[in-house]
Amino acid sequence: MQKTWKIKEPAIELKDALARDLGVSSLFAQLLVNRGIEDAQTAAAFLRSDLSDLADPFLMKGMGVAVDRLRRAVRQGEPIFIATDFDVDGVTSCAVLEDALRRAGGRVSHYVPHRLKDGYGVNAEAVRLARENRAAVFVSLDCGVTAVDEVAALNEAGIDVLVIDHHEPPPTLPAALAILDPKQKDCPYPFKELAGVGLAYKVVQALETPDAQEYLDLVALGTVADVVPLRGENRIFVRHGLDALNRTRRHGLRSLMEASGIKKEKKISTHSISFILAPRLNASGRMDTAHASLDLLLSDDAGAAGLLAEGLNEHNRRRQRIEEKVLTEAIEMIDRQVDFRDDFVIVLSKEDWHPGVLGIVASKIVDRYYRPAVIISLQDEVGRGSARSVPHFHIYEALAQCDSFLKGYGGHQHAAGLTIDRKDIGAFKALLNTVARACFEREMLAPSLEIDAEIPLAILNEELLGAIDRLSPYGEGNRRPVFATRHLEVRSKPALMGRNTIKFWASDGEWTYEAIGFGLSEAAGLVAPGRFVDLAYCLSRDEWDPHQRVLLEVKDIKPSS
């Protein structure tokens, strides 16, 4: 689908002032302004991203009560029961808090729900197991803020409940002893976008755990995997956590890196987490149970960790096969059933689609058609679904307007999950599309590419690349800078690499650079030798070149006008 290029208008006064105050180039200052950083103090904090800039954990509503109760449980030898989610954020959250409590002498057990049998969140089985374990304290991690009935049942059993969750809180909160969720309306904590593992780390900080920074490798892993904005405290966590991940001594993480083919000399990045490590950790919970992922992260035995990592690799291969099958079937259904004039949201349902791959398939449908997507697996009379969205459409709020047709739902702006009766899917689809049509105009359903600046090839050099590196780590809310250069002559026949990547040389007549386009094989016809093209690209280094020369990582190609 043709992308609309949206080139940022230079904020001349702001960038000139910022360049002067920081002693940086005008282009670098513009990159900061493009990210909403408009004064030297904010810019300095963003670039510094020091651990000392983390807020006091006791600013979070409920933190004092939660920490006092956990300390008493550890001191008195009371059993602590942790219930977490089955995704990477959930298992890293549990690994962080459980390990810290155990080191302090706590008696801790945990429960991870089975995606297919139990679904998301605190459930009756977690309540049953907590009672069976004679738990004095029940901790929900990365879930629980909507578990009104389950918390009531735990209270009835005399178990103190601590809810530690980062999802949108509903109007009626569970009657827990303490709720730690910065999204609560009356929570004064200054940063609202922590992942579940970030909240777990704040508890560890508040517990005054010795060497709390040792957990930053896990915090970075869960934060990136959960696709929360890499701004504020998340940026600090990931920046320092990547360093910790690259030197981690955890047998589980080292085994996972080895099993996934990451070489020891290869530096772990946010890309490595998103596309190599996180999918393997998620695959366990998608295909079976996430206990294998949690056991891997908690393992103190190198041999056992190696076996667990190989098992996750096999789960991931199986996940890929199932995902490809479901995606193919979904695309065939779209071709037959979807009318893009009326369907602003794609809603698909089918018998026995594997629930573990629905979110991935929904994301790929969104990427392909640039429509919000809800993918539902039907079993008997009930469907479980995953929803993914596009900018400008808050999928959680949209589902809230359709709750009369839903048995349950939860999530946030970009992603959500739901359960629904089979008989209600048609009415739900109609209402959700009505909500969508009221929210955004048709032109918003066309993909766009935000470009930071239009620049000449002459300014590309190692100094610029080094300056841009200061903006990393990249991810949600802090994307890699994208540049555009027009009227470049293609100097070579495009080489096809793999199934969907092209590589070619482009020149402005004076400077010539190699360009690589991942997933852009369909554009190969535009880059015949001698033709002129406009390129939108990120700057990177060619890691296969011993000199690591500058490489144009192409995001879009247009014929020059």
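Predicted model: local features only at pLDDT ≥ 70, side-chain atom pairs only at ≥ 80, totals over all residues.
Leaving aside residues within four places in sequence, Leu 277 is in contact with Leu 221, Leu 245, Leu 256, Met 257, Ser 260, Ile 262, Ile 268 and Ser 272. Leu 277 also belongs to the largest nonpolar core, which holds 76 residues. Within this core, Leu 277 is one of the residues that touch the most other members; the others are Leu 70, Ile 80, Leu 97, Val 139 and Ile 273. Helix H5, residues 88-103, provides the largest share of the core, with eight residues.

H5 gives the most to the lining, with five residues. Helix H9 (216-225) and helix H13 (291-298) each supply at least two residues, as does H5.

Helix H3 spans residues 40-48, and its residues Ala 43, Phe 46 and Leu 47 are buried. These residues lie on the same side of H3, because they cover an arc of only 90° around the axis. The cover over the buried residues of H3 includes helix H1 (12-22), helix H2 (26-34) and helix H10 (232-246). The N-terminal end of H3 is capped by Asp 39. A side-chain oxygen of Asp 39 lies 3.1 Å from the backbone nitrogen of Gln 41. Ser 49 follows H3 and has a positive phi, near 45°.

Other backbone features occur in loops. Most residues other than glycine have a negative phi, and most peptide bonds are trans. Asp 211 is not a glycine, yet its phi is positive, about 55°. Asp 211 sits in the loop between helix H8 (196-206) and H9. Asp 211 is exposed, with a relative accessible area of 52%. Tyr 370 likewise has a positive phi, near 50°. The loop that holds Tyr 370 runs between helix H15 (358-369) and strand S8 (373-379). Tyr 370 is buried, and its relative accessible area is 15%. A cis peptide bond links Ser 472 to Pro 473, with omega near 10°. Pro 473 is found in the loop between helix H18 (462-469) and strand S14 (483-490).

How values were computed: Residues numbered from 1 in each chain as written. Heavy atoms only, no water. Core = buried A, V, L, I, M, F, W, Y, C linked by side-chain atoms within 4.5 Å. Buried < 20%, exposed > 50% of the residue type's maximum accessible area, 1.4 Å probe, protein only. Helix = DSSP H or I, 4+ residues; strand = E, 2+ residues; numbered from the N terminus. Contact = heavy atoms within 4.5 Å. Arc of directions from axis to C-beta. Polar contact = N/O pair within 3.5 Å; in protein donor to acceptor, adjacent residues only side chain to side chain.
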